[in-house]
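Q: Got a model here I'd like to go through. Can you take my questions as they come?

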Amino acid sequence: MKKLLILVMTAILLCMSMTAMAAKKEYNPYVKYVLEDDDYQETLLTINSVKMAKLPKVAVMYVNNSQADFYKAIDKEIMKNFKVILNPYVYQFIDGTPYLKELAEMGVEDLTTAERADILDVYENSDIDYVIFLQIEPMLRKDKVTTFSKGKEMTATAPFKMLDIKRRKALYNGRITRVGDSSTMFFKLGNKSVAMEAIELINEKVNYEIKKRLPKYKRTDENPLEKKPVTITVEPKAATPAKENVNVN
């Protein structure tokens with residue numbers, strides 16, 4: 001009886017450990033909000049494979065370090081925005097998670113302090129054309145109280161980089177800081193709604209810089225927007241013999 005009880009307890013513990021391992025599946029916002037999106041996949045099916053091969057590949061490296069309880073809502077807002085701004089008819093969206101892991105194995109845990117050369121080296125042997133890196137840092141909250149209202153500010157800061165792999169240069173490198181601000185006279189304000197306002201403002205800045213700086217062609221191709229200067233060669237004219245003055249007297 002004792003052996004049977006030990007066997008049953010062992011089986012239960014084994015099942016519990018297997019369940020825990022299955023539940024510990026890695027969370028990936030790319031897969032959830034972009035790559036597994038039905039509308040996005042249907043759009044990809046409408047694009048000719050030949051045309052697809054000519055589209056530049058853009059790897060997105062996104063890190064949510066907000067430390068907020070509603071981090072999945074932030075992920076959803078960020079990735080929904082990337083899905084739209086990186087139009088599948090113009091760019092090929094690439095999950096940058098494997099490259100984040102490769103950098104971590106190299107000892108680069110914080111991409112905000114990583115050297116540009118380290119990031120470029122990871123992509124050197126890939127067919128990626130451009131890299132976008134965005135990280136949401138811990139948010140700062142500020143409560144505001146007046147005689148007639150209560151308000152709240154949430155400040156979001158996001159290091160943002162765009163790199164050209166082929167030319168090994170930065171297209172953009174900066175920190176975006178935006179403030180969500182809201183107030184009310186009667187109702188209680190939560191952190192989430194104000195924070196999401198700041199995230200929307202960050203998305204607006206990201207979109208502006210992508211539209212302005214991210215090329216819509218592969219770096220291996222000639223820029224179709226740049227026309228080569230036309231050189232016109234003018235042949236020198238043959239010298240005309242001087243006329244002789246003849247005196248008739």
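This is a predicted model: local features need pLDDT of at least 70, side-chain atom pairs count only at pLDDT 80 or more; totals for chains, interfaces and linings use all residues.

Q: How do helix 6 and helix 7 pack, and at what angle?
A: About 120°, with the axes 10 Å apart; helix 7 is residues 116-123. Axes are lines fitted to C-alpha atoms over the stretch in contact, and angles run from 0 to 180 degrees between N-to-C directions. Helices are DSSP runs of H or I, at least four residues, and strands are E runs of at least two, numbered from the N terminus.

Q: Which residues of helix 6 and helix 7 meet?
A: Tyr-99, Glu-102 and Leu-103 in helix 6 meet Asp-118, Ile-119, Val-122 and Tyr-123 in helix 7. Contact means heavy atoms within 4.5 Å.

Q: What classes are in that contact?
A: There are 5 nonpolar, no polar and 2 charged residues. Ala, Val, Leu, Ile, Met, Phe, Trp, Tyr, Cys and Pro count as nonpolar, Asp, Glu, Lys and Arg as charged, and the others, Gly among them, as polar.

Q: New topic. Which residues lie nearest the centre of the largest pocket?
A: Tyr-62, Val-63, Asn-64, Thr-97 and Leu-100, out of 20 lining residues. A pocket is an open set of points on a 1 Å grid over the protein atoms alone, where a 1.4 Å probe fits, with protein on both sides within 12 Å along at least five of seven lines; lining residues have an atom within 4 Å of a point.

Q: Which element gives the largest share of that lining?
A: Helix 6, with 5 residues.

Key: Residues are numbered from 1 along each chain as its sequence is written. Side-chain values use heavy atoms; hydrogens and water are left out.
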